[in-house]
Amino acid sequence: MTHRLSPFAQDYSLIIDLRRSLLFWYERQGRDLPWRNQTDAYTIWVSEIMLQQTQVKTVIPYYQRWLVQFPTIKDLAIAPLQTVLKAWEGLGYYARARNLHASAQIIVRDYNSLFPENLEEVLKLPGIGRTTAGGILSAAFNQPVSILDGNVKRVLSRLIALPVPPEKALPQLWTFSDELIDPQYPKDFNQALMDLGATICTRSHPSCLLCPWMQYCQAYNKGMQSELPMRESSPPLPHKK
Ligand code: SF4
C-alpha cells in the first residue's frame, strides 16, 4: 500500500523543479562539514550516530578525535568497551557508543570489516534506524535511500502544509521523501535537505525569503510557516487563503 498525501506526487515536473532548486542552492549554500567529502562508510556512520542527538558544533571535535583513536572499523571492534565509552564521554546517550562498538564487532565478524551496502543488512545493525541507514547509504554509496530525521520532517510538513502532527503521518512523509530524492544525486539531495532544515527552515523564524523552495511551499504561501509543523496540542488549522 502506498501512502500519498503530497500535492506534488502527481506532478513530476514539479518534483524535478524541487530537486533542481534544492541542489542548486546546496551547491552554493551547503555547509562545509568534515564528513561531507568522505566516501568511507565507517567515518560517515560515526558522524551520523554522533549527530543523532547532538549538535554539529559539539560533534566536530569528538568526530575528529574519534577517527584518530579508532581510524578503522577493526580498530573500534577490538578496542575495550571502556575505552570506547571514555572516548564518548561528554556526548551523552551512551547507548550510541555501545551500539557503535557492538556493530563494529558484527561488521568485522560477518562482513569482512566492510560496512554493508545493503539496506536490510544495515538496518539489522544495533543503533541504526531507517533515517540513519538512509544517511549512510546515500552519503557513502550514493544510493537513493531517503531520510526523515527531525529537520526533514519539519521541512516536508511545511512544504505541503501538513494538517496533522508529523508523527501522525509518518508513512506519508516517508513516501514523500522517497518521491523527492533525486535518483541521480541522492547523496547531495539528502545532505541538501538536512542543510535546508538546519540553516533555513529552522524550528522558529524560518528564513523563507532565502529558501530555494519558497515559491513551492504551501506553508509560506498560506503564511503558516510559524504554525507548522503541527504539534499534538496545536489548535485546528485556520482556513487561510
Ligand atoms: S519557504 Fe519557509 S517554511 Fe517553506 S520550506 Fe522554505 S523555509 Fe521552510
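Biologist: What should I know about the model first?
Modeller: It is predicted, so local features need pLDDT of at least 70 and side-chain atom pairs count only at pLDDT 80 or more, while totals for chains, interfaces and linings use all residues. Residues are numbered from 1 along each chain as its sequence is written, and side-chain values use heavy atoms, leaving out hydrogens and water.

Biologist: Which residues surround the ligand?
Modeller: They are Arg158, Ile200, Cys201, Pro206, Cys208, Cys211, Met214, Cys217, Tyr220 and Gln225, where near means a heavy atom within 4 Å.

Biologist: How does that shell divide into nonpolar, polar and charged?
Modeller: Eight are nonpolar, one is polar and one is charged. Ala, Val, Leu, Ile, Met, Phe, Trp, Tyr, Cys and Pro count as nonpolar, Asp, Glu, Lys and Arg as charged, and the others, Gly among them, as polar.

Biologist: Changing topic, is Tyr93 buried or exposed?
Modeller: Tyr93 is exposed, with a relative accessible area of 53%; buried means under 20%, exposed over 50% and partly exposed in between, using a 1.4 Å probe and protein chains only.

Biologist: And what does Tyr93 touch?
Modeller: Not counting residues up to four places away in sequence, Tyr93 touches Gln53 and Trp88, contact being heavy atoms within 4.5 Å. The C-alpha atoms of Tyr93 and Thr54 are separated by 9.3 Å, with the two 39 residues apart along the chain.

Biologist: Which domains does the chain have?
Modeller: It is divided into domain 1 (12-31 + 145-221) and domain 2 (41-141), with bounds from an automatic or database domain assignment. Their contact takes 13 residues from domain 1 and ten residues from domain 2.
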